[in-house]
Amino acid sequence: MSSDEDLQQLRGVGSATADKLADAGYNTVKSVAVASPGELSENAGVGDNTAEKIIRAARQEADVGGFETGSDLLEQREKIGKLQTLVPEVDDMLGGGIETQSITETYGEFGSGKSQFTHQLAVNVQLPEEHGGLEQSAIFIDTEDTFRPERIAQMVKGLEGEVLEDVVRRDLEDYDKEDVEELDLDEDIEELSEEADEVLDDLVDEFLERVHVAKAFNSNHQILLAEKARDMADDLEDSDFPVGLVAVDSLTAHFRAEYVGRGNLANRQQKLNKHMHDILRVATLHNAAAVVTNQVQSNPDAMFGDPTKPVGGNILGHTSTFRIYIRKSKKDKRIIKLVDAPNLPDGESVLRIKEEGLKPE
Ligand SMILES: Nc1ncnc2c1ncn2[C@@H]1O[C@H](COP(=O)(O)OP(=O)(O)OP(=O)(O)O)[C@@H](O)[C@H]1O
Ligand SMILES: [Mg+2]
């Protein structure tokens, strides 16, 4: 059955209205059921009363999600993992790290460090739990062509000596505990022996194998890739490194460039909203962390405080459960601000972006 026919089952929807709805992107009964009357009448060009009637009918038809008991929810929440940045001050502020099963949005101006943050998490997610990771792999949707394997390499080599020893032993079969200790991985990068250097290069290869990168050429492609991420997460579910991080860098750039002008705003929000829910679904189903980046737009209305706010407005705000604002400070220093979190106080912390990755002050 085509979706048009699907919509025509609804009371008050003839073929002309169904076409209007479909043209405005409301292809399924469910998409109508979760719309607001104002949004529907504006986007699809139907009267307010009609919009209300259609939505009411759609809500009766659609499966808009059922109820779960508190204990089901608690059981699911008990599985929530924490992915650490490995900057203790930041992790403390985050209540232990970035949570799985939610979306964390990082926003800030250009060069603030959003992509650095995302690269670092793609490394950290692979670490054993005792070192702040989830021992899982990463999916990285790269929309601005800013993913750099070389940067991953620097960050892997920049891990603490003790962490390096453990992951070398885990990932490289030829090295047992004694061999690894002899490599002296605590040393400064410049002081490493030739053998240690080679071992770290092999280790980097292992880490890069577990970052699954796809470039998105436009917003529709980006939406498709998020749908594909779900298949990939299913495929990797029973592997040694299931998906523990879904990163989208940048979430909003394509949407912002393609949907210009007020007339396109509703459409843009609707697409972004769907996209965010796709990402959230992978995160919840696979107990993975989802991290998206967002630029800021200038906000001339703001008389006080920081004259910037994230692109995307309210819808993004409601879907991303944690929001982190990154602000440039002197040189490599960055202020990390927790803006919105369901069960944590707002807070501020500091880190530095170094060649070795994100590091404490
Ligand atoms: N290898 C490195 N060593 C040290 N610092 C680095 C390194 N690579 C990047 N940086 C720092 O990170 C900054 C860039 O940060 P990043 O690319 O994460 O910004 P962004 O917030 O993603 O910006 P945009 O909005 O343009 O995507 C650089 O200005 C530099 O200070
Ligand atoms: Mg970036």
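K354 stands opposite G357 in strand β13. The model is predicted; local features need pLDDT of at least 70, side-chain atom pairs count only at pLDDT 80 or more, and totals for chains, interfaces and linings use all residues. Residues are numbered from 1 along each chain as its sequence is written, while chains are lettered from A and ligands numbered from 1 in the order in which they are written.

Strand β13 covers residues 357–359 and pairs with β12 in the antiparallel sense over 3 bridges. Strands are DSSP runs of E, at least two residues long, and helices are runs of H or I, at least four, numbered from the N terminus. Pairing requires at least two DSSP bridges between two strands. β11 and β12 form a hairpin with 6 residues between them.

A residue is buried with 20 or more other C-beta atoms within 10 Å of its own, exposed with 12 or fewer, and partly exposed in between; C-beta atoms are placed from the backbone. The buried residues include F117, H119 and L121.

D278 lies in helix α15 (residues 265–285). D278 is partly exposed because 19 other C-beta atoms lie within 10 Å. H131 is 147 residues from D278 in sequence and 30 Å away in space, C-alpha to C-alpha.
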